[in-house]
Amino acid sequence: MKQYRKRKALLSTALTSLIVFSGITSASAAAPAIKEQEKYGVVQQARTTTETLEDWKKWVNDHAYSLTSIQPEKASSQKIPSTKFEDLAMLKPILHDKRIVFLGESSHGVAQFNLAKTRLIQFLHQEMGYNVLAFESGLGDVMNAQGKIDKQAALQTMKDAIFGVWWTKETLPLFEYAKTTQATEKPLVLAGFDIQQQGAFTNGDWLQNPQLAQQFSDAEKQLAEWSSSKDLKGYQKEKTAIINVYKQVQAQVQTKEKELQKAYPNELQIVKLMERTLADRIRLADEYVELTIQSTIEMEQNKYESFLTTMEWRDQAMMENLLWLAEEVYPTEKFIVWAHNDHIRKAQSDVMGSPYPVKLMGERLPDIYKKYSYVLGLYMTSGETANNMGEAMPVLPPIKGSIEDIISSANQPYTFIDLSNRQNERGNSWMFEPRLSYSWGVIQESFVPRDQYDGILLIDKVNKPTYVK
């Protein structure tokens, strides 16, 4: 069993590198890798009779909700009329006791996912009081963007806040909306929970010490360069000096509270967030960079254990940051979380065929948070998606009996299925047994839907985003 799991991990990671990040863009090119998955039993799906499949599809037609639109409402100083969200009203009883709503996505490169999530966020914020939006992006980077949200254009806020995979025309309305809410009684507050280095999260002017600010800037550049290097011994010699710079900056935070508040007027929690971000940088420099260097070295040797270790380390840190935000920074607020499906699923390590067969953030959450959370996975049926380099990849046709095949039988452009509070019965037994699905539109995975998600939103036809350079 251990050998099988190890082989599964190595093969799955290799497949992701091949398909998602190397830019394979055709179904024919992806087919050999998919067959390799099947050969080693990485993915599996219980045999399904025609009669059973018909029962499932009939159940979906009877129980699915159809969204009328995924287009966000135009940002305005006026409140969006509630009538604009009538098709989402079914979420109110479903989410009435949920503190955190996780909005996933099977690919970072889908225009319609960005649009749909933006509209859902508008609804959740305005109609249900979810006032904190937390991104799978740098804690300090989003802090910086929120702190200056009134002082700059929405486009710049988007670029400052989130990873470049979401710098798209379709995501921009979200930041335009967030900006218009800042003058209201209940603004939508932007937050980040990722620990990865994304860019220089502050220019250091608030330090009022040009020499230390320059040392900080240099440390940020050095850390980024070392993170992509293969010189482990070289980094080990330099890391103490880098960490010392971050500690010097961290020591100034409490004494520079007024300067921080002036530099980041829209971030009322700037002192807490700055201290946490700098503590994260110290952890990053002390532990994570060495792991990434080791991972780079080993991946060239077709070894992937270190890479999976970096994934677990990162997701543990992301989970800790999210809990810290929920308990220490915004203890009375409800949260929306924007992330990839892999990070938010309830039992990621059980997903067969996943490139990351390890415990990620969603699986690591304490049970009390799982109880009061709703996990929504977003999937697609056809069209094209993009990998993390923005290169197009056709979405492979749904497999008979797969999640996409079953839900798409509703024949609607945007289909929502609530999986929560269901009892296993004839028409919905597909939720309670392994079903195939596509990650990134091309990688076969197998999992029990009910074990991973509370709801699924399937978008029929998709296309790659319009990226903003």
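Begin by selecting alanine 75, which sits in the loop that runs between strand S1 (65–66) and helix H4 (91–94); helices here are DSSP runs of H or I with at least four residues and strands are runs of E with at least two, numbered from the N terminus. This is a predicted model, in which local features need pLDDT of at least 70 and side-chain atom pairs count only at pLDDT 80 or more, while totals for chains, interfaces and linings use all residues. Residues are numbered from 1 along each chain as its sequence is written, and side-chain values use heavy atoms, with hydrogens and water left out.

With a relative accessible area of 26%, alanine 75 is partly exposed, a class that lies between buried (under 20%) and exposed (over 50%), computed with a 1.4 Å probe on protein chains only. Leaving aside residues up to four places away in sequence, alanine 75 touches Glu176, Tyr177 and Thr180, where contact means heavy atoms within 4.5 Å.

Next, select helix H8 (residues 172–181), whose buried residues are Leu172, Leu174, Phe175, Tyr177, Ala178 and Thr181. Among the elements that cover these buried residues are H5, strand S3 (130–138) and strand S5 (334–338).

From there, show phenylalanine 135 in strand S3 and tryptophan 338 in strand S5, which are 203 residues apart and are both buried. Their rings form a tilted aromatic pair, 5.7 Å centre to centre with 45 degrees between the planes; rings of Phe, Tyr and Trp (its six-membered ring) pair if their centres lie within 6.5 Å, and planes under 30 degrees apart count as stacked, over 60 as edge-to-face and the rest as tilted.

Now move to glutamate 127 in helix H5 (residues 111–128). The side chain of glutamate 127 makes polar contacts with the side chain of serine 82 at 2.9 Å and with that of glutamine 126 at 3.0 Å. A polar contact is a pair of N or O atoms within 3.5 Å; within protein, one must be able to donate a hydrogen and the other to accept it, and residues adjacent in sequence count only if both atoms are side-chain atoms. Not counting residues up to four places away in sequence, glutamate 127 also touches others, including Lys79, Phe85 and Lys92.
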